[in-house]
Structures are given as C-alpha cells and as structure tokens.
Amino acid sequence: MKIEQAQWDVARGWTPSRFGELGPAAQVVLVFGRPSMVEQSGCRAACRQVYPHAILFGCSTGGEIADTRVTDDTVTLTAIAFQNTTVATAHTTIDGPEQSFDAGVRLVQQFKPAGLRHIFALSEGLHVNASELVRGMNSALPPGVALSGGCAADGNRLTATHVWCDSAPRSNFVAALGFYGEHLRIGVSAIGGWKPFGPDRLITKSKQHVLFELDGRPALALYKQYLGKHAEGLPATGLQFPLELRVGAENQRVLRAILAVDEAEQSITFAGTVPEGAYARFMVGQTQGLLQATEIAARTSLQRLGSLTPDLSILVSCNGRRFVLKQRVEEEVEAVREVLGPHTKLTGFYSYGEIAAPDAGGPAELHNETMTITSLTEVG
C-alpha cells in the first residue's frame, strides 16, 4: 500500500505545493474539510488531473486530522494505492430520520458480497437517525464483513453537513467504500473514556432519538438538575455530558451526544436512538481520562491487526471530545501516533457520530463522544 498526503489552507495553499506522485495508481482519495474550503482549494479538479482513476470520498467535519495536527478551515487529502486490494463504492439518499434503516439496507446491498472484507461508511450528520442507519447496514452485511465510519459534522454550527463520493458535496446523503481482497487486514476499535455521575435510570418515554422521561421524570428537568450552572449553555454545554446507554442482549454501553433541547416538551434530542426500556446514565468528561482512552483505542486497533504495523489509520473522533479537550485536542492524536509509530499515516475528522464495533467480531454500533480508529495494511 502506498500513500500520499497533502493539506490546504487559505494562507499557504497546498502543502506540499505539488502532489500526485501516485498518479493513475491511486484508487481512493480521502478528502475531509468544509465544502466551501474544498471548492476554494480546487481540490476536486486537482485530484481529477493527478489521480484520474481514484474515487474522491469524504465529508464535512468538526475539524480535520492530518498527521498529529487538528485544524479548522483546511482541506486534508490522502491518496491511497493498494497493491492487492480493490475498492467499490455505494451511495444513497436519506429522505428523513424515519428512512434511515432502509437507507442502510440499500447502501450495503449495492456491494457484491464475493470477496468483500470491510465497509467504511460516511453519513450526513443532522437529518439522520444514525443508530437506525447502522442497524440497517448491519442487517444487510454478508457474514464476516466488518463496518466502520462516521457522520459528517459542521463544527459547532449545527447548520448543514455534507458527504461526497465522486460528486459535489451533498446533504441528506450516505456513501461507503467497500474493500475487497484476501491481502487486506483491518483493525477497528472504539473507546470513550467518559466517567459516570449519577445512577442508571430507566428510559420510560422516548421516540426514536428524542428522550422525554427518565424514571417517569421529565428528562430535561432532570438533566438540568445534574448539570447545575452548565445547564445555562445548553445545548452546546451538553457535549461535556453525554448519555450512556446499555443496549443489546449483552448490555453493551454506547454513548449518545446531545443535539437539541425542547423547553416546552422538556425533551432532549440525541444523535442516535434512545429506546424506551433501556437504562441510561449521565456521563462527564475529564481530559486525562479521554486521552488515556485514546491510547487504549490505538492499542486495541493494533491488537486486532495481529500487531501488524498499519500503513494507514483513519481516526473518527467526536466533536464533543474536542469541546472538552479544547487546546489539548492534538494530544489525542499524538497519543495515537505514539502507539502506532512513525510509519503509519494518520488522517480523519471530528464527527457528529462514530461507527465501529465495540468488541472484536461483534456488530458495529453508533457511538458518540468516542474515538474510533480504522487501521489498514496489506500482507503478502
């Protein structure tokens, strides 16, 4: 596997100023950044010229990851030429949150199952029930095929998110890369690092991703009680206090990030499903705990590669983690670099939702407030 990377910003243009050594051999170009920056940089036209056969694939972000730097208002480019792996694409529209499950099914069914090893999916992040999207994808996955990815972001603006797959940036859109071949090895991990405060509570009233009651009490009133002075800044301050759910037969714990509050209904809208009958508890983030969890995620990714050194690791971390880490956010990426070593190329973005299996061999889940790592290498 050969990889070439570049980054663009308004002040410096492209760094390095010339790229394209992989030429026609490049099969995929991962592009992350705000759509306006992608257009201003001329990225699509440049890639079409120097990587004529490559798939341009990416999304809008809450921050771009390039090596150990986390930046805003930039465009990151990662061109990949596999030696013994082929790549296919699929995409579909999402007409509303209630159509998310069906969109997930449609997306996966576009891939031919023979030889398929892994799917990396990107979804728009605001008008989707991402947990239902993941459930739909899981239901259609062929046996032995793993899934990872994330939801596009828009920083703290929460206005519009976009995904592209050999196209202009599109909203209400989900796209995926399918990786084929026996030589490809992929290690996926997902670790949160948040700490609970308060007991588990029963979700007594909810509808999809809107929470109305916990233990029979209005959800927003109870949430404000726990947040104290931090409640004044909702919904933005809610990024520091996600909700943790116990889901599935094995009571796996997944995080849900807050998107909006409704004072009239005393409800809270989250980035994924919060089902009635599930147990949930409030969580709080501390810098050191989040950084330690990132290191564990990197080590887990290595273990799931059989301790092979990855050529490329795609990091999808939650916008909420960035909100907590603030000026120390690059330490999160540096922790990954320290574990994986200097050989591995790092790219990725800060998201509104992360897709990965919490356990090796298990189904993928939607996570919020979590660092996920998809590491790739080829053998033979």
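In which sense do β16 and strand β21 pair, and over how many bridges? I am working from a predicted model. I looked up the pair and found β16 and β21 (residues 267–270) antiparallel, over two bridges. Leu 211 is the residue opposite Ile 268 of β21.

Next I went through the other partners of β16. Strand β15 (residues 201–207) runs antiparallel to β16 and is joined to it by four bridges. I noted Leu 214 in β16 as the bridge partner of Ile 203. The hairpin of β15 and β16 has two residues between the strands, and Gln 208 there has a positive phi near 55°.

Strand β17 (residues 217–218) is also antiparallel to β16, with two bridges. Glu 213 has Pro 218 of β17 as its bridge partner. This hairpin, too, has two residues between the strands, and Asp 215 takes a positive phi near 55°.

I then checked burial. β16 (residues 210–214) has four of its five residues buried, so the strand is largely enclosed by the rest of the structure.

Last, the cysteines. I found zero disulfides in a search of the whole structure. For Cys 165, the closest cysteine sulfur is that of Cys 59, at 12 Å, which is too far for a bond; the cut-off is 2.5 Å. Cys 165 is buried, at a relative accessible area of 6%. Cys 318 is in no disulfide either, and the nearest cysteine sulfur, in Cys 151, lies 9.6 Å away.

Conventions: Residues are numbered from 1 along each chain as its sequence is written. This is a predicted model: local features need pLDDT of at least 70, side-chain atom pairs count only at pLDDT 80 or more; totals for chains, interfaces and linings use all residues. Side-chain values use heavy atoms; hydrogens and water are left out. Buried means under 20% relative accessible area, exposed over 50%, partly exposed in between (1.4 Å probe, protein chains only). Two strands pair if DSSP finds at least two bridges between them.
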